[in-house]
Amino acid sequence: MNSNEIKILLVDDEPDIIEIVGYNLKNEGYQVFTATNGLEAIKSAKKNKPHLILLDIMMPEMDGIEACEKIRKISALENVIISFLTARGEDYSQVAGFEAGADDYITKPIKPKVLVSKVKSLLRRLKTENESDETFKIGDIVIDRDEYVVYKAGNKISLPRKEFELFSLLTSKPGKVFKREVILDTVWGNEVVVGGRTIDVHIRKLREKIGDDHFKTVKGVGYKFVLEEADK
């Protein structure tokens, strides 16, 4: 996919951020749409269907956390990449962001060139038109890596990208214990500095959606995926 085909929604209530970040993204050839609060972001996302949303947290009318949660419930936007771009760097803010369904969390201030690099890294996850479907089954679970969708017992379960990538990693080798550092490196890489608690948040969300019995904690080491029958 060419850069001029990629649509980015930039959401921030600070005009300087909109101007500077928007300018640098447009220079890369991206189509850039803007909004100044969560309500505008949802309307713009529905209308323009962006590939990536860069979302501030502290905004009037509706904050970024609530906007992210609402966007994640819109089926037409289930594959959009969402990254927070905010001055809130506290651990609890990052955890809240990931729990809301964000794929990434970028803290301000950040140099424009570094931000553009992070954006390019996020956009590498987009499928190309020539990619073939990649679906496999494990037990009563079907994982469609092309559509970022999971089916369990025939029921469709939509997962945010990071949850899907974590789930895909764990199910790639059922029964294998994946160390926490391996999970961080594989799923998050160098895109954002995250702590071990971020993994725990995503595992908890997967347990709620897929089933608690499938995910086993190996204390002090990491996590593994198992079929329910294995524990019976």
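Predicted model: local features only at pLDDT ≥ 70, side-chain atom pairs only at ≥ 80, totals over all residues.
Phe 98 counts as buried, because its relative accessibility is 2% and the cut-off for buried is under 20%.

Why does the pair of Phe 167 and Phe 225 count as edge-to-face? Its planes stand at 80 degrees, with ring centres 5.8 Å apart, so the pair is edge-to-face. The cut-off for that class is over 60 degrees. Phe 167 lies in helix 6 (residues 161-172) and Phe 225 in strand 12 (residues 222-225). The pair therefore ties together parts that are 58 residues apart in sequence. Both Phe 167 and Phe 225 are buried.

There is also an aromatic cluster. Its members are Phe 84, Phe 98, Tyr 105 and Trp 188. Trp 188 belongs to helix 7, where it is one of the buried residues.

UniProt lists residues 7-123 as "domain: Response regulatory", in an unreviewed entry. In the model, this span is 46% helix and 21% strand. Its end C-alpha atoms lie 10 Å apart.

Which order do the strands take in the five-stranded sheet? The order is 2-1-3-4-5. The sheet is open, and the pairing is parallel. Strand 2 (31-35) and strand 5 (104-107) are the edges, each pairing on one side only. Neighbouring strands are turned by 20 degrees against each other on average, direction ignored.

Strand 1 (residues 7-11) pairs with strand 3 (residues 52-55) in the parallel sense. Leu 10 stands opposite Leu 54 in strand 3. Helix 3 (residues 64-72) packs on this sheet. Helix 3 touches strand 3 and strand 4 (81-86). Its direction makes about 175 degrees with that of strand 4.

A four-stranded open sheet has the order 6-7-8-9, with antiparallel pairing. Its edge strands are strand 6 (135-138) and strand 9, each pairing on one side only. The twist averages 20 degrees from one strand to the next. Helix 6 packs on this sheet and touches strand 6, strand 7 and strand 8. The direction of helix 6 makes about 120 degrees with that of strand 7. Helix 6 is also the element that holds Phe 167.

In regular strands, side chains alternate between the two faces of the sheet.

| Strand pair | Sense | Bridges |
|---|---|---|
| Strand 1 (residues 7-11) and strand 3 (residues 52-55) | parallel | four bridges |
| Strand 7 (residues 141-144) and strand 8 (residues 149-152) | antiparallel | four bridges |
| Strand 8 and strand 9 (residues 155-158) | antiparallel | four bridges |

**Two hairpins.** Strand 7 and strand 8 form a hairpin with four residues between them. Which residue in that turn has a positive phi? Tyr 148 does, at about 55 degrees. In strand 8, Val 149 is the bridge partner of Asp 144.

The hairpin of strand 8 and strand 9 has two residues between the strands. Ala 153 takes a positive phi near 55 degrees there. Lys 152 has Asn 155 in strand 9 as its bridge partner. Tyr 151 stands opposite Lys 156 in strand 9.

**Helix 7.** Which residues of helix 7 (residues 180-188) are buried? They are Ile 183, Val 187 and Trp 188. Just after helix 7, Gly 189 has a positive phi of about 55 degrees.

Definitions and conventions
Residues numbered from 1 in each chain as written. Heavy atoms only, no water. Buried < 20%, exposed > 50% of the residue type's maximum accessible area, 1.4 Å probe, protein only. Pairing = 2+ DSSP bridges. UniProt positions renumbered as here; feature names shortened; annotations may be inferred. Axes fitted to C-alpha atoms, helices over the stretch in contact; angles between N-to-C directions. Contact = heavy atoms within 4.5 Å. Phe/Tyr/Trp six-rings, centres within 6.5 Å; stacked < 30°, edge-to-face > 60°.
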